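Q: I have this one open and want to go through it piece by piece. Can we start with the ligand site?

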Amino acid sequence: MVERKRLFDDQDTRMLPGNASGLHGEDIISVSQFTTEQLAYIFDVAQEMRGMVERVGGTDLLRGRVLACLFYEPSTRTSASFIAAMERLGGSVIPITQGVQFSSVSKGETLHDTIRTLEQYSDVIVLRHPETGSADIAAAAADVPVINAGDGAGEHPTQALLDLFTIKEELGTLDGLHVAMVGDLRHGRTVHSLTQLLGRYDVRFTFVSPEVLRLPLDYMNQIKDAGKDVRETYNVADVIGNADVLYVTRVQKERFSDLAQYESLKDYYRITPDLMAQAKERAIIMHPLPRVNEIDVRIDTDPRAAYFRQVRNGMYIRMALLAAVLGRA
Ligand code: ASP
């Protein structure tokens, strides 16, 4: 028998791990896990990713690596963002976004087994799930890193990172800012995650919502305990003139058991050109998207409308995170 020639060289150094981020092999579950130094490091890598994409479009940093993208809730932006991020880094994706049947995680079985199965095929798993806490269950089941892409009304850490990165890129700083969060602050997981992150910086908050959609007490207490100046109002006009960041969110229809209540609240806020005329010249308006009616489309051409730039930043941040958890950054 002819001696077979080896296909791979064990000394192939292209896959040598790097772990300057401290995130190699780690799950990304909550913003609370990041140190401030790690955030700065990820932002630095994201900027480098931006430069690389603008110059050459992509690289082979994650060649041979596979991402399983498991979405139990509808998503266009976040799933596409992770897919684009992985592909621009030369990896590939198993996208599971259609027809995934949700079965209660509280029983523990189905999600666990799905995750155990997917990790046999992949090097990293991105999970979106309608139940708070599901990302922890998946992370406990898997040996490969699990990235939380939204767990019910819980957290959405990668969105919060891209939101923070956007504020820094747009305004040049994270300190000395007045941030107004507007809309469904009760169910909006992006608000929950971003509020926690911003609480580490010298930021003043105004929360703008109707009474039933106020920010949950846990999050409120966390930033109050951190000594932040926090106000609440139900009127955007109270804050529009002196906010640096207007973070607008939709009313989260899927979290309401009473649809009549949703109908009565869904059009509570609408940011119009007239309102924006009162805003600071250097303010920015952000939205995690999808937008329903909260921001008038005429604002899209206002240079202060940062929401589509925010989407693009999401890809750079997710590239940085994928590279980090896979030991390449
Ligand atoms: N896309 C964001 C999320 O998944 C915001 C939203 O859906 O309103 O939470």
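Q: Which residues are around the ligand?
A: This is a predicted model. In it, the residues around the ligand are Arg128, His156, Arg189, Thr190, Arg250, Gln252, Pro288, Leu289 and Pro290.

Q: What does the side chain of Arg128 do there, in terms of distance to an oxygen atom of the ligand?
A: An N or O atom in the Arg128 side chain is 3.0 Å from a ligand oxygen. Gln252 also has a polar side-chain atom by a ligand oxygen, at 2.8 Å.

Q: And which residue has a polar backbone atom by a nitrogen atom of the ligand?
A: Leu289, with 2.9 Å between its polar backbone atom and the ligand nitrogen.

Q: How much of the ligand's accessible area does the protein cover?
A: On its own the ligand has 260 Å² of accessible area, and the protein covers 94% of that.

Q: Switching to aromatics. How many aromatic pairs does the structure hold?
A: Five. One of them is Tyr268 with Tyr269: the ring centres are 4.9 Å apart and the planes are at 65°, so the pair counts as edge-to-face.

Q: What about Tyr307 and Phe308, what kind of pair do they form?
A: That pair is edge-to-face too, with 5.3 Å from centre to centre and 65° between the planes. Tyr307 is buried at 1% relative accessibility, while Phe308 is partly exposed at 48%.

Q: Where is Tyr307 placed?
A: In helix α10. The C-alpha of Tyr307 is 9.1 Å from that of Thr166, although the two are 141 residues apart along the chain.

Q: Which side chain joins that of Tyr307 in a polar contact?
A: The side chain of Asp300, at 2.6 Å. Setting aside neighbours within four places in sequence, Tyr307 is in contact with Ile285, Met286, His287, Leu289, Arg291, Ile295, Ile299 and Asp300. Leu289 is also among the residues around the ligand.

Q: Next, where does Asp296 lie?
A: In the loop between β9 (284-286) and α10 (307-325).

Q: Is Asp296 buried or exposed, and why?
A: Asp296 is buried, because its relative accessibility is 5% and the cut-off for buried is under 20%.

Q: Which side chain does the side chain of Asp296 make a polar contact with?
A: That of Arg270, at 3.4 Å. Leaving out neighbours within four places in sequence, the contacts of Asp296 are Arg270, Ile271, Thr272, Pro273 and Arg291. Arg291 is in contact with Tyr307 as well.

Q: Last topic, helix α1. How many residues does it have, and how far does it reach?
A: Helix α1 covers residues 36-56, which is 21 residues, and reaches 30 Å from first C-alpha to last. That is close to the 30 Å expected at 1.5 Å a residue.

Q: Which residues in α1 are buried?
A: Gln38, Leu39, Ile42, Phe43, Val45, Ala46, Met49, Arg50, Gly51, Met52 and Val53. An α-helix has 3.6 residues a turn, so residues three or four places apart point the same way.

Q: What covers the buried residues of α1?
A: The cover includes α2 (77-88), α5 (157-171), α6 (189-198) and α10.

Terms used:
Residues numbered from 1 in each chain as written. Predicted model: local features only at pLDDT ≥ 70, side-chain atom pairs only at ≥ 80, totals over all residues. Heavy atoms only, no water. Helix = DSSP H or I, 4+ residues; strand = E, 2+ residues; numbered from the N terminus. Buried < 20%, exposed > 50% of the residue type's maximum accessible area, 1.4 Å probe, protein only. Polar contact = N/O pair within 3.5 Å; in protein donor to acceptor, adjacent residues only side chain to side chain. Contact = heavy atoms within 4.5 Å. Expected span 1.5 Å × (residues − 1). Near = heavy atom within 4 Å. Areas by Shrake-Rupley, 256 points an atom, 1.4 Å probe, with all protein chains shown as cover. Phe/Tyr/Trp six-rings, centres within 6.5 Å; stacked < 30°, edge-to-face > 60°.
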